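Please open the model in your viewer and keep the sequence panel beside it. This tour begins with the whole chain and then moves to a single residue.

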Amino acid sequence: MKKGEVALLTIAPEYAFGSSESKQELAVVPPNSTVYYEVELVSFVKEKESWDLNTQEKIEAAGKKKEEGNVLFKAGKYVRASKRYEKAVKYIDYDTSFSEEEKKQSKALKVACNLNDAACKLKLKDYKQAEKLCTKVLELESANVKALYRRAQAYINLADLDLAELDIKKALELDPDNREVKLEYKALKEKIKEYNKKEAKFYGNMFAKMNKMDSGDSSKSAAKEPEPMSIDSKA
């Protein structure tokens, strides 16, 4: 859209208010309604690209995107929040030209944004991406309890229970009184117990079938009478 342009937006029910009735300021929207909005672009500010910014401007831009992401996260808008965190990290991804003080600020922002983005991905059930983001944080801060905790949550949902246990144990070593980590470890131990039971039952059934097949073959061999020896007529 250009400045001053008016457009009609059509929004399907799944992207509007879904299957529930919604009371808005000007109207009550019935369930499964297609919604139409008339939008006028009054003004806009075109953001500078990362390469057009100096180092301090990059840090400021990253901080602003992080704050925008936090507001969206609190509002439950996890997809949009995740995009803000990703944008924030892009501003400060390449920090070789930063001063030592700027590198410290950059690192703190990267850790915070990747951690928050991982929280978004967990909410969105994108566990693989959540695991990758937490690993990035741990590459910068190996003793980050939140990163270990969230990566463990991702591993649990990816059924990598051994890796989840390693992260949970390390998190508890670093912060033994962390209530959230303790609760997660309790839930993990239950999952491991349940998994072991299922595995034992699976192998038990498999061996039982194999034994049954072996005993069946033995019975057939025992029941079969030996062939009589042939007589040599030339003797």
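Accessible areas here come from the Shrake-Rupley method with a 1.4 Å probe, and for residues only the protein chains shown count as cover. With everything selected, the protein exposes about 17,200 Å², of which carbon and sulfur atoms supply 53%. This is a predicted model, in which local features need pLDDT of at least 70 and side-chain atom pairs count only at pLDDT 80 or more, while totals for chains, interfaces and linings use all residues. Residues are numbered from 1 along each chain as its sequence is written, and side-chain values use heavy atoms, with hydrogens and water left out.

Next, colour by secondary structure, where helices (H or I, at least four residues) and strands (E, at least two) are DSSP runs numbered from the N terminus. The protein has 7 helices and 4 strands, and along the sequence they follow the pattern β-β-β-β-α-α-α-α-α-α-α.

Finally, select Asn 178, in the loop between helix H6 (161-174) and helix H7 (179-223). Is Asn 178 buried or exposed? Asn 178 counts as buried because its relative accessibility is 18%, where buried means under 20% relative accessible area, exposed over 50%, and partly exposed in between (1.4 Å probe, protein chains only).
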